[in-house]
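Dear colleague,

I am passing a structure on to you with this message, and I would be glad if you could look through it alongside the notes that come after it.

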Amino acid sequence: MIDEGALLEALNSTPVVDGRPRDLWADDAVLRRWAREHGGPDEAPALDWLRTARDAVQAATRGPLPETELRRILSGAHRVPEVGREELRWPLHGPPERRLAVELVLAWYEVRAHRPGRLRPCGNDECRLFLLDRSRANTARWCSMKTCGNRLKARRHQERVRREPGA
């Protein structure tokens, strides 16, 4: 199952390290481990679909919704209610190699629906990470105050110092 934490892990799997973009999921072993941890298959087709879904939800979080790509990922997936002794469940049905990719997209939509405007890219243009703002005021701007927030505040301070007369 893909929850908010797993969604953020997926979104943040393409960080900038030492000034260079990296794709942690380019390593099949890393992605296989992630897929297994979240109850999905770890064969090559499933990994490819996960990368596709990750790229689509990253693009959708940054800008316009890639509708064609999302439709392709979700094609053939459906939920059918199952009545249990004490609960009603809605298991996901569809192509097995796409199940985890579909769950990733559904988790993204769930966050958008229940936490509108709170999932967003880091406010640092040099960063490729995302944040889920859980603050009451919905004012978080950076993936991390220690890294991006501190850097940008220090940069702005230095710019102000340079512009002040007599500095």
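This is a predicted model: local features need pLDDT of at least 70, side-chain atom pairs count only at pLDDT 80 or more; totals for chains, interfaces and linings use all residues.

The protein chain has a mean pLDDT of 90, with 90% of its residues reaching 70 or more. Confidence is highest in helix α4 (residues 67-74), at a mean of 98, and lowest in helix α6 (residues 145-163), where the mean is 65.

In helix α2, which spans residues 28-37, the buried residues are Leu31, Trp34 and Ala35. When one looks down the axis of α2, these buried residues fall within an arc of 100°, and they therefore line one face of the helix. The cover over the buried residues of α2 includes α1, α3 (44-62) and α5 (99-114).

Ser13 sits in the loop between α1 (4-11) and β1 (16-17). Its relative accessibility is 2%, and because buried means under 20%, Ser13 counts as buried. Leaving aside residues up to four places away in sequence, Ser13 touches Arg22, Asp23, Leu24, Trp25 and Arg54.

Trp90 likewise belongs to a loop, namely the one between β5 (88-89) and β6 (92-93). With a relative accessibility of 47%, Trp90 counts as partly exposed, since that class lies between the 20% limit for buried and the 50% limit for exposed. Together with Val83 and Leu88, Trp90 makes a nonpolar surface patch of about 370 Å².

With best regards

Note on methods:
Residues are numbered from 1 along each chain as its sequence is written. Side-chain values use heavy atoms; hydrogens and water are left out. Helices (H or I, at least four residues) and strands (E, at least two) are DSSP runs, numbered from the N terminus. Buried means under 20% relative accessible area, exposed over 50%, partly exposed in between (1.4 Å probe, protein chains only). Contact means heavy atoms within 4.5 Å. Patches are made of residues with over 30% relative accessible area and no salt bridge: like charges are joined within 9 Å, nonpolar side chains (Val, Leu, Ile, Met, Phe, Trp, Tyr) within 5 Å. Accessible areas come from the Shrake-Rupley method with a 1.4 Å probe; for residues, only the protein chains shown count as cover. A salt bridge is a side-chain nitrogen of Lys or Arg within 4 Å of a carboxyl oxygen of Asp or Glu. pLDDT is the predictor's confidence in each residue, from 0 to 100. The arc is that of the directions from the helix axis to the C-beta atoms.
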